[in-house]
Amino acid sequence: MAAVPAVQRLPTLQRARTLEIYKLVSDWSGNSGEILYVAHAITANGAFCLGDPPEQDTRKGAKFHPDQRYWDKKVQARIDAAGGVRAIVRIEIDCTLMPCAGLGGCFWTVPSLVQKTTGLSVDLRIFSHRDESMGKNDNMPKRYFECRSSDTHVDLEPKYDRNGGWDWAAL
Ligand SMILES: [Zn+2]
């Protein structure tokens, strides 16, 4: 019987403290209440916010999660105001928790929502903040994974399990 290959994980990441992002999300790891969500466009010169974290919505179902409610017309307006999509080299998403990955879950749905909303085929780097006991391998409770907005279901499939640990780079 062939051995099951070990999951090839992303390397642990020391994340730069980009000010626009850090000041907004640095206390999310201690958050025991609201589930928060925000995205920033990374450009050659820094970052700009694509929209404020959505208000809480207590309705049941993944489509009411902040991940899926975030990507609406306001995002396109922010991009237009910042000079259009050409300046964007990557989108970084911060969420309290790793996206849900069940049927219709945010993990599967958000990349295509990003592409639909922005018209961009772009690299996405998604960071979770709260300890969900997923960091036993590397003792890093905060997790991240990478994908592209154009990824299909098949492209996405292995990427959740490839999550790596991250933390803020030392000052
Ligand atoms: Zn979700």
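These are my notes, in the order in which I looked things up.

Before anything else I wrote down that this is a predicted model.

I began with the secondary structure, and the chain comes to five helices and seven strands. Reading along the sequence, I noted the pattern β-α-β-β-α-α-β-α-β-β-α-β. The chain is as compact as a globular protein of its length, because its radius of gyration is 16 Å, close to the 16 Å that the globule rule gives for 171 residues. Along the principal axes, I found that the C-alpha trace spans about 55 × 40 × 35 Å.

Buried residues account for 29% of the 171 residues in the chain. Of the contacts between residues at least 6 apart in sequence, 70% join residues at least 24 apart.

Is Pro-11 buried or exposed? I put Pro-11 down as exposed, because it has 9 C-beta neighbours inside 10 Å, and a residue with 12 or fewer is called exposed. I also noted that Pro-11 and Asp-138 are 127 residues apart along the chain, while their C-alpha atoms are separated by 9.8 Å.

Last, I followed the strand pairing around strand 6. Strand 5 (residues 123-128) and strand 6 (residues 143-148) run antiparallel and are joined by five bridges, and within this pairing Ile-126 has Phe-145 of strand 6 as its bridge partner. Strand 6 also pairs with strand 7 (residues 164-168), again in the antiparallel sense, over two bridges, and here Arg-143 has Gly-165 of strand 7 as its bridge partner.

Definitions and conventions. Residues are numbered from 1 along each chain as its sequence is written. This is a predicted model: local features need pLDDT of at least 70, side-chain atom pairs count only at pLDDT 80 or more; totals for chains, interfaces and linings use all residues. Helices (H or I, at least four residues) and strands (E, at least two) are DSSP runs, numbered from the N terminus. The radius of gyration is taken over C-alpha atoms; the globule rule is 2.2 Å times the number of residues to the power 0.38. A residue is buried if 20 or more other C-beta atoms lie within 10 Å of its own, exposed if 12 or fewer, and partly exposed in between; C-beta atoms are placed from the backbone. Two residues are in contact if their C-beta atoms, placed from the backbone, lie within 7 Å. Two strands pair if DSSP finds at least two bridges between them.
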